[in-house]
Amino acid sequence: MPTEEEKILPEETAEINYGADAPHEEGTDPVISLHQIVKKYYIGSENELEVLHGISLTIWPGEFTSIVGESGSGKSTLMNIIGLLDRPTSGTYEMLGTEVSDLKDKDLSYIRGRQIGFVFQTYNLIPRISALKNVEVPMMYARIPQKERTEKAEALLEMVGMQDRMNHNPDELSGGQKQRVAIARAMANDPALILADEPTGALDSKTGRLIMDLFHRLHEENHKTLLLITHSQPLAEETRRILTLSDGRIIGERRGTNAS
Amino acid sequence: MLHENVRLAFVSMAANKLRTFLTMLGIIIGIAAVIAIMTVGNTLTVANQQQMATFGVNNVECYIGGSDSLDYSNEDFDWNNFHPAFTEDMLRKMIAQFPEEIEAVGISAYGQSGKATVQGKNQDQYYANVSMVGINPGYMDVNSSSMTITAGRNFRSNELTADSWYCLVDQMLVSNLFDGDAESAVGKKITVSLSHDTAYEYTIVGVYSSNQMQFADATSVKDMQTNLIVPFQNAKAVAGEDSQDSFNYISDITILTKTGTDVISFTTQLQDFMNSQLPSDTLYQVSCYNNAEWIEESNKSLRQMTLAITAIGAIALLVGGIGVMNIMTVSIMERTREIGTRKALGARNSDIRLQFITEAILICLLGGIIGIAAGLLIGYFACTKLLAGYTVTISWMSVWAAFGISFAIGVFFGFYPANKAARMDPIEALRYE
């Protein structure tokens, strides 16, 4: 057991905002600041189910954080809320200082597209269009003009080492290559947060290693803010901050033993 | 964004070409049917109008014949002496009755057929088949819309007697006898030999060109019979004893109405007047008709046929549109993951809706274009091969309308599936297998 781990009782977890007091650059806003986020389904019916029981956490710019939990821990629900794909039942969510939990659909889409970069376990590239066009997609929805889109996309693909395969379609790429394209895509609009959901889940260990190395490079050299959602403890150990999620509560925060 | 969507639509359409084609098929058939019938209809209408101009839209024809109450199977009746005819008295009274409406009255009667040749020119090479036609002064006026004098002149009033050996010839005849030079033909003499071994010499006083086709048992254009127009009394004189009837009994007259006359109501009035001139126990009756009504009838039946086929086309389009809607819905379900991903990447509902409406519109527009091309082709073949070789006139209005309708079908039938896509919950969509 890592000595710095804090073991806190479930009832007390609700009081703590994990990361609120973490060291950060003077005068900056946290990337995300969740406070007492509760998520209930089937509200009002007899099947009413509370999945998240009051999550509070803060992520500052430049941090490489992971949220670890088994299936059923509420991991996906929390990820969807953080990623602005879902709204909390109660609680507040501030992104870069602005409250986003009660935004209209249109505005939610807008902020999501510009500030969150998704990386999925199953890559979710758009079929039948090239890697280059795939990376351009978020910029298209952000209404960036074509020329700028192409230039940026090319640069990003180069950053992830995919410049030679720019014009290939997803079905011509291996899993690792697809994930690299997905990562390039996630960075297209310079989002505040890169949100990766089991990014190495569909890859073999060698390729998975490459992807994790890429994440580290982006974190250290490009100062990106990354949030990794995973059920794999070894993976989480590579990150600086590990938040453990269990039964809809954060039960602890610790520093990753393998973090650089 | 729109440019990107158009590109995306083409990629999607190309991904499954057969499915795309089958989707378009309803649209193609509907549009092709409508365009084909519009093209045929337009061609015929224009041709009709052109013919109308040649027939003389201001002309009224009157015909006197046996009354409807006559029993034609009655063998005891003296049919040999039954000659329905307009009398000079009737015609004079008619002109007096309708001074405001009648511009001119044209009378003609056919005499013999024969062969015209030129003295001094080889008769095997230079000949023209003619039909003698005797006319009254009003004839050329009445037929002015279908016959024009291109060289020389009409008869003068002192050239209308039996011993007036002047004639008007068809441009065709000039081609055969004078190498086509109408100007030089004027004043020349031709020899006309008729069927009862007599020959007469006529001086050409004018050349006319007619835009009414004369169909005859001609083996070639050169052998086609044309009218040799001479004064009425002259034609009667050379016709011979046996052929006097057509000159003695005029049963067919044509009236040129003054401009501004309501031709249709005048026709009825004229008919009533003519019938009133006949004695009460008469065995004759007069029928008057004008071309305007006939053209109108023909146009009407054309319009009805066009309407019927357009209705069928509309049904095909409806079916086609429903097909588009169905296939789009299926296609969207297949791309649920993609839609979820796009939303995760910042697509608003309206962006998704636009993407799929664009695809629906493009499928329909492409189907419309193919349908228009197919329809024009069918229309072209129908007009030139099936009908009597008309010059095809495309109705451009129907082409533009077809574009517009294709577009509208895309919007209308694409809306439901596009909306469905737009409203998808991104979380559910991303979970979709």
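Mentor: We start with a term: a salt bridge is a side-chain nitrogen of Lys or Arg within 4 Å of a carboxyl oxygen of Asp or Glu. This is a predicted model, where local features need pLDDT of at least 70 and side-chain atom pairs count only at pLDDT 80 or more, while totals for chains, interfaces and linings use all residues. Residues are numbered from 1 along each chain as its sequence is written, chains are lettered from A and ligands numbered from 1 in the order in which they are written, and side-chain values use heavy atoms, with hydrogens and water left out.

Trainee: OK. How many salt bridges over all chains?
Mentor: The structure has 27 salt bridges over all chains. In one of them, Glu238(A) pairs with Arg209(A) at 2.8 Å, N to O.

Trainee: Where do Glu238(A) and Arg209(A) lie?
Mentor: Glu238(A) is in the loop between α8 (233-236) and β9 (241-246) of chain A, and Arg209(A) is in helix α7 (residues 205-220) of chain A, so the pair ties together parts 29 residues apart in sequence. Helices (H or I, at least four residues) and strands (E, at least two) are DSSP runs, numbered from the N terminus.

Trainee: And how many salt bridges between chain B and chain A?
Mentor: Three salt bridges are counted between chain B and chain A. The side chains of Lys133(A) and Glu4(B) form a salt bridge at 3.9 Å, N to O.

Trainee: What area is buried between chain B and chain A?
Mentor: About 2,300 Å², with 62% of that from carbon and sulfur atoms. Buried area is the accessible area (1.4 Å probe) that two parts lose on being put together, summed over both.

Trainee: Which three residues of chain B supply more of its area than any other three?
Mentor: Leu345(B), Arg348(B) and Ile427(B), which supply 27% of the area that chain B buries against chain A. The contact (heavy atoms within 4.5 Å) takes 24 residues from chain B and 24 residues from chain A.

Trainee: New topic: helices. At what angle do α11(B) and α12(B) pack?
Mentor: Helix α11 (residues 336-344) and helix α12 (residues 349-386) of chain B pack at about 140°, with axes 10 Å apart. That makes α11(B) oblique to α12(B). Axes are lines fitted to C-alpha atoms, for helices over the stretch in contact, and angles run from 0 to 180 degrees between N-to-C directions. Angles under 35 degrees count as roughly parallel, over 145 as roughly antiparallel, 65 to 115 as roughly perpendicular and the rest as oblique.

Trainee: Which residues meet there, from α11(B) and α12(B)?
Mentor: Glu338(B), Ile339(B), Arg342(B) and Lys343(B) of α11(B) meet Asn349(B), Ile352(B), Gln355(B) and Phe356(B) of α12(B).

Trainee: And what about α1(B) and α12(B): how do their axes cross?
Mentor: The axes of helix α1 (residues 2-15) of chain B and α12(B) come within 9 Å and cross at roughly 60°. That makes α1(B) oblique to α12(B).

Trainee: Which residues of α1(B) make the contact?
Mentor: Among them are Leu2(B), Val6(B) and Phe10(B), and α12(B) brings residues including Leu362(B) and Leu366(B).
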